[in-house]
Amino acid sequence: MAVYKRAYRSYSGPITDERWRFLVLTRYSLTQLFSSRAFSWFMMATVLPVLISAAYIYISNSVTAQLALRMGNQSLLVVDGAFFSKVLISQAWMALFLTCWAGPLLVAGDLSNGALPLYLSRPLNRAEYVAGKAAVLVGILSCVTWIPGLLLFGLQTSLAGASWGWQHISFLAAILLASFIWIAVLTLISLATSAWVKWRIVATAVTFGLFVLPPGFGEAINGVMRTSWGRVLNLPYLLEVVLSNMLGVPVQTHGPFSNEPIPMAAAWVVLIGVCFASLEMLNKRLRAREVVRG
Amino acid sequence: MTATIELDDLQVQLGGRTILDGLRGALNGRAIGLLGPNGAGKSTLINTLLGFHQPARGTARVLGMDIRQEARKLRGLVGYMPESDAFISDMTGLHFVRYMAEISGLPSEQAMERAHEAFFYVGLGEVRYRKLGTYSLGMKQLAKLAQAIAHGPKLLIMDEPTNGLDPPARQRMIQLVREIRDASDMRLIISSHLLRDVEETCEEVLILRNGRVAALCNLEEERRANRKFLELETIGANGQFSSALQQLGCECAVFNNGRMKVVMPDKIEIREVYRIAEQQGIQIRKMNHRRDSLEDIFLNAMEQTGAAHGGL
């Protein structure tokens with residue numbers, strides 16, 4: 001574009017709708033994320049387990065394919081709650097890796113460069129700022145959790161017949177609810193740790209650490225106290241509890257100590273509690289100006 | 001014309017301390033300077049006007065809008081250039097300014113066009129595709145100015161705009177501020193502890209000290225009055241000497257160690273001062289004859305509030 005105007009002139013053109021302006025943050029953040037080729041490749045790699053699962057569903061429903069693959073015992077290939085549980089748990093880990101990569105890029109950069117006053121001196125409040133940034137993670141994580149989950153469910157229904165779909169309609173609620181709570185947990189924890197740590201690499205490490213270190217501590221508690229409640233510190237396990245209960249499959253046992261699973265209600269309470277705690281952390285940290293007390 | 005800033009018993013407390021206390025006054029000028037020593041409350045006042053801090057008592061109106069009730073609407077009309085570093089280092093300058101303009105409400109295409117214009121306007125046209133992290137301090141200041149004006153605000157708030165700039169860059173910044181002031185209907189609030197910056201760009205000045213209004217004056221009127229000052233260093237000057245000068249029609253301010261400032265009416269000659277000194281046996285060891293300046297107003301305000309609050 002040729003630019004010749006070098007004198008200041010005021011602006012009297014159109015203005016965008018304030019209600020959706022937070023999506024500008026989302027758009028720019030997505031552009032920034034996908035400008036990294038490595039991230040784009042990784043995003044594509046997260047679809048691989050879904051493609052394998054789709055192939056599994058196809059083979060389990062296709063006698064021709066089974067014959068071609070010389071598979072004798074058809075009953076080994078079953079698409080049921082356990083199948084969807086395994087797929088969603090593997091995708092939940094993919095979502096965690098994606099969050100560790102993308103989350104700290106969203107907020108830590110703004111805070112470490114002091115850009116927050118520039119955002120908040122405009123017609124944009126803190127909630128909209130968080131919404132704009134969170135929408136990035138929600139969008140990306142949806143692409144690896146509930147959207148592939150629903151697609152796989154749809155594929156199975158189309159191959160096995162509508163009756164299968166109606167029989168297992170509760171799977172839809174499980175896929176959606178478990179994905180939504182996991183996305184909320186990942187998004188809020190990632191934004192909160194980024195807001196507090198500010199340094200992107202450390203924020204990545206802290207975010208990942210929050211999902212892998214407390215489970216070890218929890219198992220230590222289990223060992224000392226002869227209980228299984230230490231597993232409330234294990235967020236991936238809590239997701240598994242929610243998912244397994246909703247899909248009607250037994251919760252897999254973890255750790256060398258008590259095998260008694262955490263009740264689903266307790267898992268929900270902890271996961272929702274983590275979301276609220278992260279929101280409170282964000283609320284404390286995301287301010288245009290920090291106030292030193294004393 | 002709507003007042004640019006109206007302060008109505010504004011009090012702000014941060015971290016349990018009162019930072020701004022009972023600020024009152026109205027400033028109508030198109031370019032307003034906020035002056036005061038470090039820690040006087042200039043930046044806190046700006047942050048409060050932008051809605052970053054909530055007043056503990058009272059309120060303020062900017063362009064007629066209450067900062068408590070119409071903060072969002074107000075922020076839509078404001079361009080803000082913060083004092084400290086504020087940018088996104090891995091964005092190009094152009095991308096950054098366009099982004100900020102879009103958040104201010106400009107559609108994407110217009111934001112792009114305005115970002116180009118703003119960059120050329122502040123003199124960074126040639127480096128607009130470079131990442132902000134590679135800019136020098138002076139360039140970052142100009143980029144901050146570009147993002148503050150790209151969306152065409154009605155009010156531009158600049159917090160220490162010449163901080164860290166070398167003399168040519170400072171001169172360039174002052175020149176830009178003057179151009180913006182003269183070439184548009186935009187109003188300006190410039191916070192600075194540099195008297196020269198404010199004197200060269202502003203029409204009205206609000207001087208803060210210890211979170212209170214130390215002085216509020218219209219520089220244009222002061223300049224028009226163009227009063228003559230005498231700065232005296234004397235030995236033996238007392239209340240009698242200043243009373244005698246006041247009887248002549250002079251205004252006197254007496255400081256420590258025999259220092260005095262005397263505002264001379266046009267009709268009075270300097271020899272009258274010598275005559276009274278001779279009559280009273282007072283030695284005048286030094287005399288400076290000068291015009292009124294912002295420095296005098298500032299120092300006077302500092303002395304007066306210093307005396308009122310028990311000194312520094």
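**Conventions**

The model I examined is predicted, so local features need pLDDT of at least 70 and side-chain atom pairs count only at pLDDT 80 or more, while totals for chains, interfaces and linings use all residues. Residues are numbered from 1 along each chain as its sequence is written, chains are lettered from A, and ligands are numbered from 1 in the order in which they are written.

**Entry: where chain A meets chain B**

I looked up the contacts between the chains and found 34 residues of chain A in contact with 42 residues of chain B. On the chain A side, α1 (22–34), α5 (81–112) and α6 (116–120) each supply at least two residues. I took helices (H or I, at least four residues) and strands (E, at least two) as DSSP runs, numbered from the N terminus. The most is given by α6(A), with four residues. Sorted by class, this side of chain A has 19 nonpolar, eight polar and seven charged residues. For the classes, Ala, Val, Leu, Ile, Met, Phe, Trp, Tyr, Cys and Pro count as nonpolar, Asp, Glu, Lys and Arg as charged, and the others, Gly among them, as polar.

**Entry: chain B overall**

I noted 11 helices and 14 strands in chain B. Its C-alpha atoms fill a box of roughly 75 × 45 × 35 Å, taken along the principal axes. Of the 312 residues of chain B, 43% count as buried. A residue is buried if 20 or more other C-beta atoms lie within 10 Å of its own, exposed if 12 or fewer, and partly exposed in between, with C-beta atoms placed from the backbone. Among contacts in chain B between residues at least 6 apart in sequence, 69% join residues at least 24 apart.

**Entry: the six-stranded sheet of chain B**

I traced an open sheet with mixed pairing, its six strands in the order β6-β7-β8-β3-β9-β10 (chain B). Strands β6 (78–81) and β10 (212–218) of chain B stand at the edges with a single partner strand each, so one side of each has no neighbour in the sheet. The twist averages 15° from one strand to the next. Two strands pair if DSSP finds at least two bridges between them.

I then followed β8 (residues 187–192) of chain B, which pairs in the parallel sense with β7 (residues 155–159) of chain B over five bridges. The bridge partner of Leu156(B) is Leu188(B), and that of Asp159(B) is Ser191(B). With β3(B), too, β8(B) pairs in the parallel sense over five bridges; here Ile32(B) has Ile189(B) as its bridge partner.

Six of the six residues of β8(B) are buried, so this strand is largely enclosed by the rest of the structure. Arg187(B), Ile189(B) and Ser191(B) point one way from β8(B), and Leu188(B), Ile190(B) and Ser192(B) the other way.

Axes are lines fitted to C-alpha atoms, for helices over the stretch in contact, and angles run from 0 to 180 degrees between N-to-C directions. Helix α6 (residues 167–183) of chain B lies across β3 (31–35), β7 and β8 of chain B and runs at about 155° to β8(B).

Which residues of α6(B) are buried? I recorded Met173(B), Val177(B), Ile180(B) and Arg181(B). Seen down the axis of α6(B), its buried residues fall within an arc of 100°, so they line one face of the helix. The arc is that of the directions from the helix axis to the C-beta atoms. The face turned away from the buried side of α6(B) carries the exposed residues Pro167(B), Pro168(B), Asp182(B) and Ala183(B). The cover over the buried residues of α6(B) includes β3, α5, β7, β8 and α7 (195–201) of chain B.

**Entry: helix α13 of chain A**

I listed Ala267(A), Leu271(A), Val274(A), Ser278(A), Leu282(A) and Arg285(A) as the buried residues of α13(A). They cover an arc of only 80° around the axis, which puts them on the same side of α13(A). These buried residues pack against α7 (126–144), α10 (170–197) and α12 (235–247) of chain A.

Key. Two residues are in contact if their C-beta atoms, placed from the backbone, lie within 7 Å.
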